[in-house]
Amino acid sequence: MDKIIVNGPCKLKGEVTISGAKNAAVAILPATLLVEGKCHLENVPNISDIRAFIKILESLGSKIEYISEHEMIIDNSNIHTTTAPYDLTSKFRASYYLLGALLGKYGTAQISLPGGCNIGARPIDQHIKAFECLGSHIEVKRGNVYADAKKLKASSIFFDVVTVGATINAILAATLAEGTTTIENCAKEPHVVDVANFLNSVGAKIKGAGTDVIKVTGVERLTQTSSYAVIPDQIEAGTFMVAAAATQGDVLIKNCIPKHMEPITAKLVEAGAIVEEFEDSIHISMTKQPKPINVKTMPYPGFPTDMQPQIAVFLTKAKGSSLIVESIWESRFQYTSELVKMGANISYHDRTAMITGVDELYGSPVKSYDLRAGAAMIIAGLIAHGKTEIYEIQHIERGYENIVSKFKALGADIEYGSIEE
Ligand code: EPZ
């Protein structure tokens, strides 16, 4: 399908069930390379980034047996190469986890420089620093990254910036290394904790995940004794929360972890939404125009950068002016030009955007600049008058499972369409 068509406005109403977390699953899949024998995973989202990762694992020699759409057994007993195919790894960012996992298990890895959403420079210097601290030789040459180590040895790693990817990669590489590695200035995102929980469930010794300092004591081997379920997706849940509030709807978000949602919940409540938290669900409703709020994206437990475009759409109809400061990715306001086409009043300079609420947005053809900006365009279509056509939806499909049918079940007038030649 080529585009998503939304006819707005609507008020979302009903229940939605959140899928497994993309950013946890894209790290846990490569983490299975460290494990002897088979790994049984549940709650794996059926999204294009995961399907691509599975193709990469198969190209290395993994055998994948699907038990159901979200449950699989991965057998990595016959890995025959540590070189991942260029065409697959160059397309998405999370392929960098193959470096930590393959290096940790086999002492060598080769991948292309990782691709991914166009939201900023996306360097990998901190990943390289972590691997070098553990005794690996790294070479970046003609678009490829080569990693080699005779034996990885525990070390102290201090990150210059808080980085999710490098924190997880350091954990992956240190899990089978000799001795205890201390990793400081770590990312604390729920997916970092989930990867550590998965590895601990198969015999790793990782302490402190979810805090600034993680200690990894190397073990000789990892084996799985019972299946592991990936956590629910914090950003998918947040996207539906914001969509519910933006449409002045009333939605129960099922299969989420309310604790993970707190930075998003706090901002929505500040803007006037009513949020009730249950054990594994959140009820959100809103009956009035949002109050303007200021938002600054920060590493967890701050407000997530991956929710920045969605909250921006919500604020396009606030009663006054809001400021958004993007402190993680330097190019994450490109999508605002699409909202301006729809009648929004947004200007930005450098890393700060000012959004002044307008009475109405109007449907228009818009494009998805990246995964989260694409989801934000759907929310914009839901609150706008008339028809919004969203192009370049391959970005959205990377990270949201059944997004069209989930919104449709909440009462949205939304469907896929084809682009006529
Ligand atoms: C992860 O990207 C997520 N992707 C991103 O989600 C998310 O936006 C980001 O974390 C921040 O939360 C995955 O988990 C696959 P970082 P990652 O390393 O790991 C700088 C989405 O929409 N940095 O935490 O690539 C970097 O430039 C995606 O699902 C270095 O300077 O992000 C950035 O400013 C988009 N050197 C900051 O750190 C490095 O070696 C945080 O990046 C690495 C990062």
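How far from an oxygen atom of the ligand does a polar side-chain atom of N23 lie? The distance is 3.3 Å.

## Ground rules

This is a predicted model, so to speak, with local features needing pLDDT of at least 70 and side-chain atom pairs counting only at pLDDT 80 or more, while totals for chains, interfaces and linings use all residues. Residues are numbered from 1 along each chain as its sequence is written, and side-chain values use heavy atoms, with hydrogens and water left out.

## Around the ligand

The shell holds 24 residues, and Y96, V164, D306, I328 and R372 come nearest (a residue is near a molecule if one of its heavy atoms lies within 4 Å of it). Sorted by class, there are eleven nonpolar, six polar and seven charged residues. Here Ala, Val, Leu, Ile, Met, Phe, Trp, Tyr, Cys and Pro count as nonpolar, Asp, Glu, Lys and Arg as charged, and the others, Gly among them, as polar. As for helices, α1 (22–31), α5 (125–133), α6 (164–174) and α12 (371–383) each bring at least two residues to the shell, and α5 gives the largest share, three residues. Helices (H or I, at least four residues) and strands (E, at least two) are DSSP runs, numbered from the N terminus.

A polar backbone atom of I328 sits 2.7 Å from a ligand oxygen, and an N or O atom in the side chain of R332 is 3.4 Å from a ligand oxygen. On its own the ligand has 820 Å² of accessible area, and the protein covers 90% of that (Shrake-Rupley method, 1.4 Å probe).

## The four-stranded sheet

Now for an open sheet of four strands, ordered β23-β24-β1-β25 with mixed pairing; two strands pair if DSSP finds at least two bridges between them. β23 (365–367) and β25 (413–417) are at the edges with a single partner strand each, so one side of each has no neighbour in the sheet. From one strand to the next, the twist averages 25°. Angles run from 0 to 180 degrees between N-to-C directions, with axes fitted to C-alpha atoms, for helices over the stretch in contact.

β1 (residues 3–8) and β24 (residues 386–391) run antiparallel, joined by five bridges. V6 stands opposite T388 in β24, and α12 packs on this sheet, touching β1, β23, β24 and β25, at about 30° to the direction of β1. Contact means heavy atoms within 4.5 Å. N7 has K387 as its bridge partner in β24. The pairing of β23 with β24 is parallel, over three bridges, and P365 is partnered there with E389 of β24.

## The three-stranded sheet

Another open sheet has three strands in the order β7-β9-β8, paired antiparallel. β7 (108–112) and β8 (137–141) take the edges, each with a single partner strand, so one side of each lacks a neighbour in the sheet. Neighbouring strands are turned by 10° against each other on average, direction ignored.

Five bridges link β8 to β9 (residues 144–148), with H137 bridged to D148 of β9. Helix α4 (residues 97–106) lies across β7 and β9, at about 160° to β7.

## A look at V275

V275 belongs to strand β17 (residues 274–277). Leaving out residues up to four places away in sequence, V275 touches M241, T265, V269, I282, H283 and I284. M241 is 34 residues from V275 along the chain, with 9.2 Å between their C-alpha atoms.

Technical notes:
A polar contact is a pair of N or O atoms within 3.5 Å; within protein, one must be able to donate a hydrogen and the other to accept it, and residues adjacent in sequence count only if both atoms are side-chain atoms.
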